[in-house]
Amino acid sequence: MKRLLLILAVQVTLAVNIQAKVRLPHIIGDNMVLQQQTDVRLWGWAKPERTVKVITSWGTETVTTKADKEGKWLVKVKTPKASYESLSISFDDGEPVTINNVVAGEVWVCAGQSNMEMPVKGFGMCPVENYNYHVVDAINSKGVRSVKIPSVMSATPQDDAECEWRQCSPKTVGEFSATGYFFARMLSRTLDIPVGIIEANKGGTRVESWLTKDNLEKYTNDPTDSVEICKKWAELDYYRSLLWGNGTFNPILNYTVKGILYYQGCSNVGDPGDQYSQRMKILVDQWRSQFALGEIPFYFVQIAPWAYDDGDVNAISGALLREQQWKAAQIIPNSSLVCINDLVYPYEYSQIHPTQKQQVGERLAFTALNRDYGYETIQYKSSSYKDMTIKNDTVFIHTQDNYWCDAPFEQMEGFEVAGEDRVFYPAKASHFWQPGGGYWDEAIIVTSPEVKMPVAVRYCFKNFQIGNVHNGGNLPLFPFRTDHW
């Protein structure tokens, strides 16, 4: 009996000690990257109303806070300038907890669906180009770190997730988001500082999968009861609204980040009208409000060509979604859209995970380097349709953001032209310049022998069509249409 009482006493003592010890969310741990030169949020749990002291290896002052009645606490700590110096943070509510090998740098979120989730090692039957070279080269990317939030659903918003920060090496790089890694690698090497990526994504998700209950009820007809959600998408669980945001994104919302990278849209192909662009704006507004860091950058990727509509490469449902992404970029402040219409091979019409991920991540990095880090000479914008004029059987297309170049000079591919009958025919296109004229005499001329009186032009406006027009930054022309048919 005495032995039993002793065991119980020891168990009670251990339970009290465990309860008394400050607890941190998994995302705050060894190897983490802190956003540099700002007030970052650190948070966790302790005994209700217990005082918590936060001591940093780089600071001279101890930050003190008090846990609320539920045991939750949050503090803000000033971070130093980015460097590779190993830092530490201690959290003390009577029994200290210390995390080590922390660095200050730049932190970006990698959100979206499977083309963002796709790791450097690829998916089954879906390789990432030059994988072995990236593994060997990873020895030069020690400044890159990543934390992968498990893709889980939850009926209620979660404030923690089982995860840990990983340092990049040849042994670990294969698990990193490929798009995220190539973004971080370019950023880290250019700025010569650590870069951390937070991977909070799930393959197959729709834009609605990440909206909150309030936004779903206000702007959509999606159910918000978890049972009804699961009934509606019994087979396609990745389509489920609300649940993925609760389980996979909510745990990172207290983290202090620089911006958000987003690659998603395939599962919204077929949405009517401007629904997708409007809901994209709702989502970005929501995330910015939840992070409470102001109008942080939002850079996203236009979906690649693929044979939607049961393999019909010539249908246009995918093109309509890309058009919606273009429209979203026009209505979302501090955003930029990356075009990747050239980053598929002709045989990838049935491969929804194209192999060329390095260029995707690097184009996102070019965007951030220009817009956020002072590299103004980097040409990060793809050219886009501006206007057209028609003279007889010839259409003159003018582009914007072309960095004074529409290339190639001849044999431009991907154009179609239609007359009043709305039937599109393949068109011949080339560069046009009127000597002695001004900028407006620079154009792309488009003609087709089948269309004597053209009224509309399309460029790569199909599910799967690869054009070859690039601008002075060697970035592809955004697919477009001049009609509204």
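Student: What counts as a salt bridge here?

Tutor: A salt bridge is a side-chain nitrogen of Lys or Arg within 4 Å of a carboxyl oxygen of Asp or Glu. This is a predicted model, in which local features need pLDDT of at least 70 and side-chain atom pairs count only at pLDDT 80 or more, while totals for chains, interfaces and linings use all residues. Residues are numbered from 1 along each chain as its sequence is written, and side-chain values use heavy atoms, with hydrogens and water left out.

Student: Ok, and how many salt bridges are there in the whole structure?

Tutor: Searching the whole structure gives 21 salt bridges. One of them joins R23 to D160, with 3.7 Å between the closest N and O atoms. This pair links distant parts of the chain, 137 residues apart, since R23 sits in the loop between α1 (2–20) and β1 (33–35) and D160 in the loop between β8 (144–148) and β9 (165–167). Those helices (H or I, at least four residues) and strands (E, at least two) are DSSP runs, numbered from the N terminus.

Student: Is D160 buried or exposed?

Tutor: D160 is buried, with a relative accessible area of 19%, whereas R23 is partly exposed at 43%. Buried means under 20% relative accessible area, exposed means over 50%, and partly exposed lies in between (1.4 Å probe, protein chains only).

Student: What about D137, which residue does its side chain meet in a salt bridge?

Tutor: The side chain of D137 meets that of R189, at 2.6 Å from N to O. Through shared partners, salt bridges join D137, R185, R189 and E362 into one network.

Student: Changing topic, which residues touch the most other members of the largest nonpolar core?

Tutor: They are I27 and Y262, in a core of 71 residues. A nonpolar core is a set of buried Ala, Val, Leu, Ile, Met, Phe, Trp, Tyr and Cys residues joined through side-chain atoms within 4.5 Å. Strand β7 (residues 97–112) gives the most to this core, namely eight residues.

Student: And what does I27 touch?

Tutor: Leaving aside residues up to four places away in sequence, I27 has contacts (heavy atoms within 4.5 Å) with M32, W43, V147, I149, C163, W165, I198, I252 and Y255.

Student: Which residues does the second core include?

Tutor: That separate core has 37 residues, among them C126, L187, I197 and Y373.
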